[in-house]
Amino acid sequence: VARKANIQGDVWPGLPKRFQTFLFFKIRKPDEFKTRLRSFVDEHITTAQEACDMKNQILEAKTQAQKHGVPAKILPLPGVNIAFASTGLAALGKFTFNEAAVKKDRNLSKIFKKNQLRGGLFGKGMYDDLVGEGWDEPKELRSQFKPSAGKRLIDGVLMVTASRAEDLRYKVLRVKEHFQKEPGSDDPDTVRLSNDPCLDFPFTNHGKTRPEKGKEHFGFEDGISQPLIEGLDEVAPKGKEPKAVKPGLIFARHEGDDMNQPEWAEDGSFLVIRDLQQLVPEFEKWLEDNKHNAPFAADSDDPKEKLAAYLMGRWRNGTPVDENPHHDKDPNLFRSNNFDFHPVDKHERCPFAAHIRKMRPRGDLNHDHAVIIRRGISYGDEVTPEEKTAQKSDDAKERGLMFVCYQSDIRNGFNFLTTRWASNHHFPDRKANFVGEHGPGIDAIVGQRLAHHPERSIGLPDGKHPTEARIGLDRWVIPRGGEYFFTPSIKALKEYLTG
Ligand code: N7H
């Protein structure tokens, strides 16, 4: 099977999405589900090839609009992908829970059954992993992500995307009907749903891009930097950033993946979905309150914006502080990605602990080894004038990011980035001369704290010396839980998993 026809399109190149529905499902009748899934794949699942075609259509529409001086037409472009939690694969008879499967990770072929998917964290699920290790606070998690009577509630997820809300609604209905309609009730106008369907959809989440296009809720331009994949993406010429990565960092059984996965897993990828609530008015208040506490900020025209930019490593319009730590006015640098933090023993331009430096350290490391592709989408409404005035989020108006990412190994991808880098005050390491006993600090956006960790703080350049100004941080991103999944290839969906 040609690779692009075999990969699900959200993994690569990404489904075009202004709106997204996450249909979390529970399998009730595995055999009937398998039969229905087999026909679902060709009818509904969007492959990488199809997603590439959609992206080309968007480009073409934009080019035409520019040529004729009219606004670009919004195309419907619905997309659908499916992924399974370990409980879902178990329901299909394709995963066995045993001590070894949840404790051990990789190349232990003797312990694993021939076709068992490797990856201890996938077996455990996000709750046992992150609550078990003390990172996530159970009382902050949404009930859908908390096991009930010891049982996990989600077997898998169907993700539906579209460029227009009405197209999304239509597609979601068709997807649900496919699995829930009465046999023979095929006409969409008169379809009857079964009282005893093969699949339940107990939880649904909705994402939508913000009216301020390209910006997430804190107001930063998002979706700029992704790892370019050798063999799939057009990669940057030598010496230009970002460097390309081996396909095996994202896809199972490709060069660079040492998990020794079974054959059926080829072209698949592990998916992490995590609901991250964002406290936007609180973030703005903190910036306002602290803009003069950092010595570097005093000599800036806009100390508040400079502080925000230092926490992220990019100004809110996407300009990397490594390329311009002074202002964000150079249009050539909006969304620029050509930087690597050199000289890496100093952080006069980009703080060592800035979110993008923690999450992709570039020149700080000799080679990339923990890499993810991000496909998240914002959720919730805009901050209201009342919330702005109160400088406090209204509990009834939650907003945040449905964080979504893909990798060939959850322990070495999402989990590593969160626990070993974002939450570790001493990463990036070997910078001791410049950042004192507390190290570079915690990732202000997604760093989490265990009880015995130092208070949340970050070291920022003081603008004059190769030294630091340390500043205490609040918490503006609340992890509400999520789940670990595997996104299989098209071939695996049609053959092994439904066989
Ligand atoms: Fe982060 N944000 O929108 O403010 N992130 N992120 N992220 N993030 C990035 O380069 C954000 C989160 C990564 O290649 C940008 O596209 C928010 C988690 C990685 O240079 C912005 C949340 C994890 C990169 C944000 C959040 C990551 C990255 C810059 C949570 C991993 C690329 C725009 C609410 C575990 C680094 C861009 C590179 C960039 C935001 C979460 C990882 C603006 C709000 C949980 C790898």
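Reader: Is Phe-283 buried or exposed?

Author: Phe-283 is buried, with a relative accessible area of 0%. Buried means under 20% relative accessible area, exposed over 50%, and partly exposed in between (1.4 Å probe, protein chains only). A word on the source: this is a predicted model, where local features need pLDDT of at least 70, side-chain atom pairs count only at pLDDT 80 or more, and totals for chains, interfaces and linings use all residues. Residues are numbered from 1 along each chain as its sequence is written, and side-chain values use heavy atoms, leaving out hydrogens and water.

Reader: Thanks! How many aromatic pairs are there?

Author: First, the general idea: a pair of aromatic rings is described by the distance of the centres and the angle of the planes. Rings of Phe, Tyr and Trp (its six-membered ring) pair if their centres lie within 6.5 Å; planes under 30 degrees apart count as stacked, over 60 as edge-to-face and the rest as tilted. Here the count comes to 23 aromatic pairs. One of them joins Phe-25 and Phe-84, edge-to-face, at 5.9 Å centre to centre with 80 degrees between the planes.

Reader: Where do Phe-25 and Phe-84 lie?

Author: Phe-25 is in strand 1 (residues 19-27) and Phe-84 in strand 2 (residues 79-84), so their pair ties together parts 59 residues apart in sequence. Strands (E, at least two residues) are DSSP runs, numbered from the N terminus. Both Phe-25 and Phe-84 are buried.

Reader: And which residues do ring pairs link into a cluster?

Author: The cluster holds Phe-95, Phe-97, Phe-122, Trp-264, Phe-270, Phe-486 and Tyr-496.

Terms used
Helix = DSSP H or I, 4+ residues; strand = E, 2+ residues; numbered from the N terminus.
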